Amino acid sequence: MLKGGEKGKPRRRLLRITLIVFGVAAVSAIGFLGVAWLMTPIPDSTQPRATAQGSVIYYRDGKTVLAKQGVNRRSVALAQIPESVRNAVIAAENRSFYEDQGVSLKGTFRAMWSTVTGQQLQGGSTITQQMVRNYYSGLSQERSVVRKLKEVMISLKVDQSKSKDWVLEQYLNTIYFGRGADGIQAAADAYFRKDVGKLTVAEGAYLAAVIQQPSRFADPRGADLEAARARWQSVLDGMVQTGALTSEQAAATTFPTLKKPRAIFAPKGQEGYMLDQVAAELKRMGYTDEAINQGGLKVVSTFDKGLMAAAQRAVTSVLPEGTSKKVRAGLAAVDPATGEVVAFYGGPSYEVNKFDNSFSAKVQAGSTFKAYTLAAALNNGFGLDTRVDGNSPLHVASDDRGIPNSGGYSYGEINLVKATQSSVNTAFVDLGQKVGLNKVVNVAEGAGIPADQLAPHRSAATLPLGVASVSAVQNASGFAAFAAGGVHRDAHVIRSVTDAKGRTTKVKVKGERAFTEQTAIDATYAMTQVVEAGTGSAARLYDRPVAGKTGTTDKSAAVWFAGFTPQMAVAVDMFRDDNKPVVVNGSAQYGGTYPAQIWRAFMTEAMSGKPVKEFAEPSNYGYSTYYDNGYRSDDDYGDGRQDLSPTPLPDGTTGEVPDPTPSPDGTGDGTGDGTGDNPGDGTGTGDGTGDGMGDGMGDGTGTGPRDQTRPPEEFSQRPPGR
């Protein structure tokens with residue numbers, strides 16, 4: 001039988017063992033935590049999305065938003081966030097925030113136990129812990145004890161090294177609020193269409209309530225709405241408990257009215273075309289996709305919202321209903337003083353076709369290219385009074401087939417004004433041979449036409465006739481050089497870029513001289529005659545001078561009008577992807593028909609209210625007398641009208657011809673024999689009427705063959721595949 005003292009020995013031994021075990025465990029735990037503490041530094045990088053800010057694209061006024069790209073976050077300083085909003089978040093998420101050490105041991109152990117036992121991970125994290133988890137790199141959202149322990153260690157260190165205000169600022173800019181809004185500023189806009197600084201107590205309390213269940217409370221209905229109201233009320237109650245509100249203030253606060261969620265942004269109409277061009281230019285400037293979508297850029301584009309709408313109206317209002325969807329139109333407007341693309345028409349809708357008609361589509365320039373040939377001649381010592389061969393056909397060494405004028409008409413020796421006004425093919429081929437095709441190419445390149453687009457045609461006799469393909473933007477930019485006195489500035493679509501730190505880069509394109517100022521003045525004069533009394537009369541603006549050039553390729557596969565005032569250059573083209581003739585209302589089109597009308601419709605709006613500026617006087621007018629040789633236009637009327645001069649007709653007789661320019665109401669003196677949709681169809685002598693350009697009516701006299709059904713305007717050779 002054991003004595004009492006002996007009975008107690010096993011118990012004391014067990015107690016000692018237990019104490020030793022617990023002691024070892026405690027020391028081990030302390031050692032483990034010590035090692036973990038030493039081996040868990042504050043990460044030196046943040047999670048990419050934590051600080052990512054989406055970019056905002058503006059119209060040229062820098063105020064009207066075109067679109068928002070990437071992450072919807074705009075970081076703000078804590079001082080910009082109302083105190084009531086901060087207090088609401090603290091009441092909802094961590095009432096001891098300003099007193100604790102950055103962690104909640106009770107909540108942390110509860111979460112770790114839930115993870116170990118396989119239960120759903122529970123909450124209990126402090127604001128500091130949530131910020132650490134969402135802000136720093138190396139901390140995933142996976143449920144693991146190791147991840148939770150790292151979070152605790154980093155949170156403790158952050159609490160020691162950073163101020164509470166810094167932690168709260170990062171938290172409010174990092175946390176997700178639903179409705180695609182990251183951070184408090186984006187949330188204020190998403191839920192209430194407000195800047196964060198204007199949030200009321202009720203609105204701030206709602207955003208604090210959303211943090212717990214952002215998906216459920218983003219747009220609550222039924223039971224979810226009741227749950228949102230209850231959560232909102234609990235936030236107010238918490239604010240009372242923390243002393244942020246009095247009971248009376250809380251009782252007087254009413255549930256806020258939520259704005260409807262915005263639809264997920266999907267570019268429509270012209271928006272997608274604009275955004276594609278802005279993104280492309282940003283990349284050319286060196287910005288990556290990450291910078292564009294997460295860098296918080298403020299990008300001011302060159303696009304004028306009103307003029308973008310005017311461009312669309314010009315195309316859709318002029319082209320008749322029933323126009324084939326295979327017929328495409330492009331329009332581009334460039335400011336000659338800056339090179340900025342202020343407006344363009346990309347197509348009916350980005351949703352229908354993402355390939356735009358003005359930047360991406362390139363078609364043969366047709367006779368609009370004659371403007372560059374004219375400039376090359378004037379820039380190399382030729383004058384407007386230079387005489388060139390307007391007879392048809394014209395044989396050159398590099399083309400033994402002979403290059404014809406439209407209908408085979410011959411003009412004889414004519415000056416450069418007449419050649420431009422009537423768009424005489426052989427005259428410009430002859431001029432190209434005289435001045436040298438290499439010089440024509442040099443001027444075109446100087447005016448912004450890319451060398452690789454000109455390269456296949458550098459030695460072609462038909463180069464002056466526009467066999468090279470260009471886009472509407474490129475042609476508008478080229479014609480802008482004439483308006484700018486011979487100085488070309490590359491077309492661009494961005495005015496400025498401001499980064500997340502407020503540093504602004506303004507885009508200013510340096511002008512490069514493409515040809516002399518006198519060349520620009522003289523060429524402009526010749527092109528004013530195209531509009532005043534030549535092939536482009538449908539583009540005439542009756543309150544100000546206009547210069548321009550029509551263009552139609554072989555079989556009307558592409559038709560153009562490119563022109564300018566001193567303040568703006570605009571190019572309009574129409575084409576089909578399959579290279580078939582551009583036919584509208586059963587008629588093949590020419591540069592002086594719908595393209596010129598679209599140009600005029602746009603410029604009527606664009607120039608409304610703008611001061612009238614005159615072009616400079618040319619060095620000479622090209623004529624020794626008022627009338628010059630040549631009896632009819634070779635380009636783009638489509639109605640058989642004759643020119644100003646009482647010159648020989650094909651049979652050698654002479655007919656006095658009234659001024660063919662239509663008056664503002666669409667009526668006026670015109671010419672044509674017979675009656676029909678195309679004035680001039682038929683033979684004979686007498687009064688002619690018809691549905692031509694401006695519905696011109698008038699008396700035409702003369703004898704001889706008068707079948708003037710409109711033939712194709714110009715001869716051009718389409719390269720394989722165009």
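Which strand holds Gly402? Gly402 is found in strand 9, which spans residues 399-403. The model is a predicted one. Buried here means under 20% relative accessible area. Gly402 has 11% relative accessibility, so it counts as buried. Ser392 lies ten residues from Gly402 along the chain, and their C-alpha atoms are separated by 8.2 Å. Beyond its neighbours within four places in sequence, Gly402 is in contact with Pro393, Leu394 and His395.

Next comes a sheet. Strands of a sheet pair through backbone hydrogen bonds, either parallel or antiparallel.

Strand 4 covers residues 327-334, and four bridges join it to strand 5. The two run antiparallel. Within this pair, Ala333 of strand 4 stands opposite Ala343 of strand 5.

The largest nonpolar core has 123 residues. Which of them touch the most other members? They are Met568, Met574 and Phe602. Take Met574, leaving out residues up to four places away in sequence. Its contacts include Leu319, Val327, Arg328 and Ala329. Met574 also touches Ala557, Ala558 and Val559. A second, separate core holds 53 residues, among them Ile127, Ala181, Ile184 and Trp232.

Ile127 leads on to helix 5, which runs over residues 127-135. Is this helix largely enclosed or open? Eight of its nine residues are buried, so helix 5 is largely enclosed by the rest of the structure. The buried residues are Ile127, Thr128, Gln129, Gln130, Met131, Val132, Arg133 and Tyr135.

Strand 13 (residues 494-498) is also mostly covered, with four of its five residues buried. Strand 13 has two partners to follow. One is strand 3 (residues 298-301), joined to strand 13 by four bridges and running antiparallel to it. There, Ser301 stands opposite Ile494 of strand 13. The other is strand 14 (residues 504-506), which pairs with strand 13 over three bridges in the antiparallel sense. Thr498 stands opposite Thr504 in strand 14. Strand 13 and strand 14 form a hairpin with five residues between the strands. In that hairpin, Gly502 takes a positive phi near 85°.

The tour ends with a pair of helices. Helix 16 covers residues 370-379, and helix 19 covers residues 437-446. Their axes come within 8 Å and cross at roughly 110°. That makes helix 16 roughly perpendicular to helix 19. The crossing is right-handed. Tyr372, Thr373, Ala375 and Ala376 of helix 16 make the contact with Lys439, Val440, Val443 and Ala444 of helix 19.

Key: Residues numbered from 1 in each chain as written. Predicted model: local features only at pLDDT ≥ 70, side-chain atom pairs only at ≥ 80, totals over all residues. Heavy atoms only, no water. Buried < 20%, exposed > 50% of the residue type's maximum accessible area, 1.4 Å probe, protein only. Pairing = 2+ DSSP bridges. Core = buried A, V, L, I, M, F, W, Y, C linked by side-chain atoms within 4.5 Å. Contact = heavy atoms within 4.5 Å. Axes fitted to C-alpha atoms, helices over the stretch in contact; angles between N-to-C directions. Parallel < 35°, antiparallel > 145°, perpendicular 65-115°, else oblique. Left-handed = near helix turned anticlockwise from the far one by under 90°.
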